[in-house]
Amino acid sequence: MIEAKNLTMYYGPTLALDRVSFNAQEKEIVGLLGPNGAGKSTLMRILTTFIYPTKGTAKICGYDVTTDPLSARKVIGYLPENPPLYEDMRVDEFIDFVGRSRGLKSQLLKQRKEWVVEATKISGIWKHVISELSLGFKQRVGLAQALIHDPKVVILDEPTSGLDPIQIIGIRKLIKDLAREKTIIFSTHILQEASAISDRLLIIDRGRIIAHGTTSELRRDKEGSNSFIVAIQAPKNEVEAVLRGLSSVKNVNFLEEVSGCQRFLCTAIDYGDAARSINGIIKERGWFVRELALRELSLEEVFLGLFKKAE
Ligand code: ADP
């Protein structure tokens with residue numbers, strides 16, 4: 001549904017995107033995660049044909065965004081960071097206007113309006129003037145205008161920014177529901193947001209994709225895969241000396257004592273080697289091991305690790 005190849009964008013001398021490539025499949029939710037200024041909006045503006053890339057190509061449902069932008073636009077629904085609303089119109093007037101601009105007429109326009117009202121839950125404010133709506137409802141109306149023409153691909157730039165927690169939950173649910181029928185790409189600088197909604201994450205920093213994958217794939221990132229926890233029932237000094245003496249273990253950090261067991265967080269050069277050595281020593285000394293396991297990194301740790309590496 002989305003195919004981007006080597007997208008590069010310069011604003012004058014500023015390199016905002018640097019050879020970005022990725023694909024998105026049907027009914028997939030792809031989260032674009034990165035700090036402010038990473039290039040998320042630039043990428044979205046290129047995909048929605050608002051701006052043309054300096055180099056590289058992108059296709060939406062097979063339509064090239066630079067050589068066939070009108071066809072691409074027909075299959076895209078776009079919600080920019082600030083919803084494009086005519087504040088002095090009523091919601092019903094505005095959605096009707098956008099629908100007509102999209103070429104919808106009579107029965108089909110009526111059906112689509114009914115669908116977006118239901119999908120974005122705006123029936124209660126249907127006759128309200130947009131300027132009088134809360135931010136959460138403005139966002140919903142922004143979504144309704146993005147969906148009126150039944151696009152296959154929906155592109156949402158920071159869809160929950162500025163919303164309160166209840167509104168955020170509502171918009172997240174709406175995005176998840178939409179993904180049953182559509183391909184969605186959304187941007188955020190909030191880690192929890194990205195992992196809560198997306199099937200797959202693209203992590204972007206200074207214009208480059210520095211990692212991609214599902215949250216569990218990212219957690220299994222090689223860099224972090226050798227951290228492990230070991231808890232042994234024996235005197236702390238002895239356990240620590242043994243762990244530090246192992247050639248397959250790099251770092252040893254004491255965490256806590258739990259029911260007589262000394263719990264350490266270690267980094268191995270090779271976890272398999274370290275675990276075999278520890279098991280051997282435990283048997284030899286008759287110690288009791290309560291815990292010996294690879295530690296799954298939190299997403300925060302993965303994220304920080306990636307940015308450190310990129311720097
Ligand atoms: P994000 O959406 O991740 O915050 P942007 O795509 O807005 O990032 O910006 C990426 C980089 O491009 C930043 O360094 C930003 O200052 C720069 N930039 C964005 N838009 C323009 C513009 N219209 N003119 C010049 N520089 C821009």
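My entries on helix pairs, cores and one glutamate follow.

**Ground rules.** I am working on a predicted model, where local features need pLDDT of at least 70, side-chain atom pairs count only at pLDDT 80 or more, and totals for chains, interfaces and linings use all residues. Residues are numbered from 1 along each chain as its sequence is written, and side-chain values use heavy atoms, with hydrogens and water left out.

**Entry 1, α5 and α6.** I started with helix α5 (residues 135–147) and helix α6 (residues 165–178), which pack at an angle of about 15 degrees with their axes 10 Å apart. Helices here are DSSP runs of H or I, at least four residues, and strands are runs of E, at least two, numbered from the N terminus. Axes are lines fitted to C-alpha atoms, for helices over the stretch in contact, and angles run from 0 to 180 degrees between N-to-C directions. That angle makes α5 roughly parallel to α6 (under 35 degrees; over 145 is roughly antiparallel, 65 to 115 roughly perpendicular, the rest oblique). I looked up who touches whom: G136, Q139, R140, L143 and L147 in α5 meet Q167, G170, I171, L174 and L178 in α6, contact being heavy atoms within 4.5 Å. The residues of this contact split into five nonpolar, four polar and one charged, with Gly counted as polar.

The axes of α3 and α4 come within 10 Å and cross at roughly 130 degrees. That makes α3 oblique to α4. I find I95, D96, G99 and R100 in α3 meeting L109, K113 and V116 in α4. By class I get three nonpolar, one polar and three charged residues.

The largest nonpolar core has 33 residues, and V91, I95, I122, V141, L143, L156 and I184 touch the most other members. A core is a set of buried Ala, Val, Leu, Ile, Met, Phe, Trp, Tyr and Cys residues joined through side-chain atoms within 4.5 Å, buried being under 20% relative accessible area (1.4 Å probe, protein chains only). α6 gives the most to this core, with five residues. I checked V141 too: beyond four places in sequence, its contacts include L85, F94, I125 and L133. There is also a second, separate core of 27 residues, with L32, A38, M44 and I46 among them.

I placed E240 in helix α9 (residues 236–245). Leaving aside neighbours within four places in sequence, E240 is in contact with V252 and F264. E240 and R263 are 23 residues apart in sequence and 9.7 Å apart in space, C-alpha to C-alpha.

How values were computed: Buried means under 20% relative accessible area, exposed over 50%, partly exposed in between (1.4 Å probe, protein chains only).
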